Amino acid sequence: MDLGIGGKRALVCASSKGLGLGCAEALAAAGVDLVMNARGAEALEASAEAIRKEYGVTVTTVACDVTTPEGQAEVLKAAEGVEILVTNAGGPPPGKWSDWEREDFIKALDANMLTPIAFMKALLPGMIDKGWGRVVNITSQSVRAPIGVLGLSNSARTGLTGYVAGTSRQVAPFGVAINNLLPGIHDTDRAVALDGGASRAENMTPEAVRARREASIPARRYGTRQEFGAACAFLCSQHAGFIIGQNLLVDGGATNLTM
Ligand code: NAP
């Protein structure tokens, strides 16, 4: 399917690896020029170069922490005027409900709520002026059904979801569509790290932890970054302009819901 977005420009935050990289690759495959970001310059440049070679699009890299005001300013300088924004950042650490202090919540809110909001506030006016724009926020299945050990994620991402619900309806009249993608378990460094934590806590091998988690997913496997990226590219496409303020689970059926 021609996504109809060739020649447009996208900012994909936190995209040297994992789900962000999957989104960057799928947008590049649709002919979109990219601004990519991550903290680690080496992996970022390697991923950007692989995308340039494979898809022939222009890729600008900005190595910085996207959750800080300085990092956001750097990224925004490179991303001025983009028509497509994909927000993303690392997820908060796991723990127990009684462990987290105010500072832990502030960090999670900064990374997973206030950073995407800052990017939307900065870039939506340009999209509105052009009469066309797409925003996809990478959130989590924890927005629909809480994950006990990820209380910081449950809290911060639900806040972002509320902001998007209201904002998406205010910018839709100008041709701008904002939606959220809610990943379930995907085969990325983040999932491997969480498996490692569970294996240490429960004295199981990482393989046994993974097999147990796979068995709990109706699709009986972890998702891939390519599948996730394809869903993102569709939401950024010309065909998705009537999809507004939605929260799309990409979780292999893991979240047991009727709707
Ligand atoms: P990942 O494989 O660990 O990749 C994270 C990417 O983000 C890397 O490119 C990393 O590069 C970059 N990054 C992290 N923190 C950053 C920061 N502060 N500023 C700029 N770049 C940053 O993670 P993932 O699995 O793709 O997860 C992406 C998001 O989806 C996370 O918020 C995660 O919690 C959420 N999620 C993931 C899953 C899953 O199963 N994978 C499920 C639900 C939700 P650097 O480290 O070099 O900065």
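## The nonpolar cores

In this predicted model, the largest nonpolar core has 34 residues, of which Ile5, Leu27, Leu34, Met36, Ile51 and Ile84 touch the most other members. A nonpolar core is here a set of buried Ala, Val, Leu, Ile, Met, Phe, Trp, Tyr and Cys residues joined through side-chain atoms within 4.5 Å, where buried means under 20% relative accessible area, exposed over 50%, and partly exposed in between, with a 1.4 Å probe and protein chains only. At least two residues of this core come from each of β1 (9–12), α1 (18–29), β2 (33–38), α2 (41–55), β4 (84–87), β5 (133–138) and α8 (225–235), and α1 gives the largest share, seven residues. These helices (H or I, at least four residues) and strands (E, at least two) are DSSP runs, numbered from the N terminus.

Leaving aside neighbours within four places in sequence, Met36 is in contact (heavy atoms within 4.5 Å) with several residues, including Val12, Leu21, Leu44, Ile51 and Val62.

Residues are numbered from 1 along each chain as its sequence is written. Because the model is predicted, local features need pLDDT of at least 70 and side-chain atom pairs count only at pLDDT 80 or more, while totals for chains, interfaces and linings use all residues, and side-chain values use heavy atoms, with hydrogens and water left out.

A nitrogen atom of the ligand is 2.8 Å from an N or O atom in the side chain of Asp65, and an oxygen atom of the ligand is 3.1 Å from a polar side-chain atom of Arg190. The protein covers 89% of the 880 Å² of accessible area that the ligand has on its own, as computed by the Shrake-Rupley method with a 1.4 Å probe; for residues, only the protein chains shown count as cover.

Asn112 has its place in helix α4 (residues 102–130) and counts as buried because its relative accessible area is 4%. Beyond its neighbours within four places in sequence, Asn112 is in contact with Ala89, Gly90, Gly91, Pro92, Ala156, Arg157 and Leu160, and a polar atom of its side chain lies 3.3 Å from the backbone oxygen of Gly90.

Ser168 is found in helix α5 (residues 151–171) and is buried, at 0% relative accessibility. The side chain of Ser168 reaches the backbone oxygen of Val164 at 2.8 Å.

## Two exposed loop residues

Asn203, in the loop between α6 and α7 (206–215), has a phi near 55°, a positive value in a residue other than glycine, and is exposed, with a relative accessible area of 73%. Arg220 lies in the loop between α7 and α8, where its phi is near 60°, and at 52% relative accessibility Arg220 counts as exposed.

Key:
A polar contact is a pair of N or O atoms within 3.5 Å; within protein, one must be able to donate a hydrogen and the other to accept it, and residues adjacent in sequence count only if both atoms are side-chain atoms.
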